[in-house]
Amino acid sequence: MSTVRVRETLLEYLSEAQSDSHEVQQKSLRTLASITKVSPQNRTLLAQTNGAISALLTLSKSSSPIIQILSLSILFNLSLNPDLKQSLADMETIYHLNSIILSPGSPESSKLASSLVCSLAMLDKNKAKFGVAGTVRLLVNAVSGPRSPAAHHLLSSLAELVQFHGNCTLAVRAGAVPVLIQLATSTDVEDLSGTSLAILGLLARFDEGLNALKKTDQVVSSIVDVLKGRCMLSKEGAAEILLLLFDESEGCLRDALTLPEFLTVLADISVRGSARAREKAGQLLKKMMEANLDSYSDGNSSIFE
């Protein structure tokens, strides 16, 4: 099909999507979602269609959950094209996505809005916009409450946004560190632990995040508890965070040496863990062996024997 014909077809479907008939709207939006899912060219052509993005944003505000979901699906598809990310991430769109995350019409709407945030934030130029719009604080608050069906998507969006230093500061000030530690150590949300620890690792790259970690009560014992869990991704993240803490805080290293099970856990990971987990466990063991035993074990060096 020629480009001209494709443009005409897209315009026709877009016009039908704004019909007064709910059935016609739904059918045309399903078609648009389908053809933009598989073709980068179709995404570009639709985005270039006069008024298309504005119309889709309006439709995504529909009181009908299915119309909202289909409209968000199309916008997400468009965001997959790298050259469309900047134009899609205007402040009006960001504020609208915030409102959906805050009060979703359905669990699927929340997932799609979060995924769209994540996709748009992959362009570094967009990251600061989300911080200015309050998205970082909103995501922290969203994952701190009762578990949402969109929790994975919310955390993924937060992980993408905090790769920008300014958003790290906003996340720490919003109370992200204790929230993420709680998620990382909670046994009923172990599937979220790995992502939570990955975000903590990103926050700890900068002073504000690392200081917040160091000031958290029982942070070492909490992270060590994660090492005892079953999720290998969580073990990797926990070991990485402990390395950061030990590099910056003798107090954290001293706290670790008071935990009788710590060395046993590290020894187990160094044998049975993934390649990355074994590497991190080995680095932790080396740090502890190089520590001043008299200072950290009250003169009882037998802790390593």
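Predicted model: local features only at pLDDT ≥ 70, side-chain atom pairs only at ≥ 80, totals over all residues.
The relative accessible area of Ser79 is 0%, so the residue counts as buried.

Eleven salt bridges are present in the structure. One of them joins the side chains of Glu92 and Lys61, with an N to O distance of 3.8 Å. This pair connects distant parts of the chain, 31 residues apart: Glu92 is in helix H7 (residues 91–102), and Lys61 is in the loop between helix H4 (52–59) and H5. Lys61 is partly exposed, at 47% relative accessibility.

Helices H17 and H20 are considered next. A salt bridge is formed between the side chains of Lys280 and Glu240 at 2.8 Å, N to O. Because Lys280 lies in helix H20 (residues 275–290) and Glu240 in helix H17 (residues 232–248), the pair ties together parts that are 40 residues apart in sequence. Lys280 is buried, with 12% relative accessibility, whereas Glu240 is partly exposed at 23%. Both residues also belong to a network of salt bridges that links Glu236, Glu240, Arg276 and Lys280.

A further salt bridge involves Lys287 and Asp247, whose closest N and O atoms are 2.3 Å apart. Lys287 is in helix H20 and Asp247 in helix H17, so this pair likewise ties together parts 40 residues apart in sequence. Lys287 is partly exposed, with a relative accessible area of 27%, and Asp247 is partly exposed at 49% relative accessibility.

Note on methods
Residues numbered from 1 in each chain as written. Heavy atoms only, no water. Buried < 20%, exposed > 50% of the residue type's maximum accessible area, 1.4 Å probe, protein only. Salt bridge = Lys/Arg side-chain N within 4 Å of Asp/Glu carboxyl O. Helix = DSSP H or I, 4+ residues; strand = E, 2+ residues; numbered from the N terminus.
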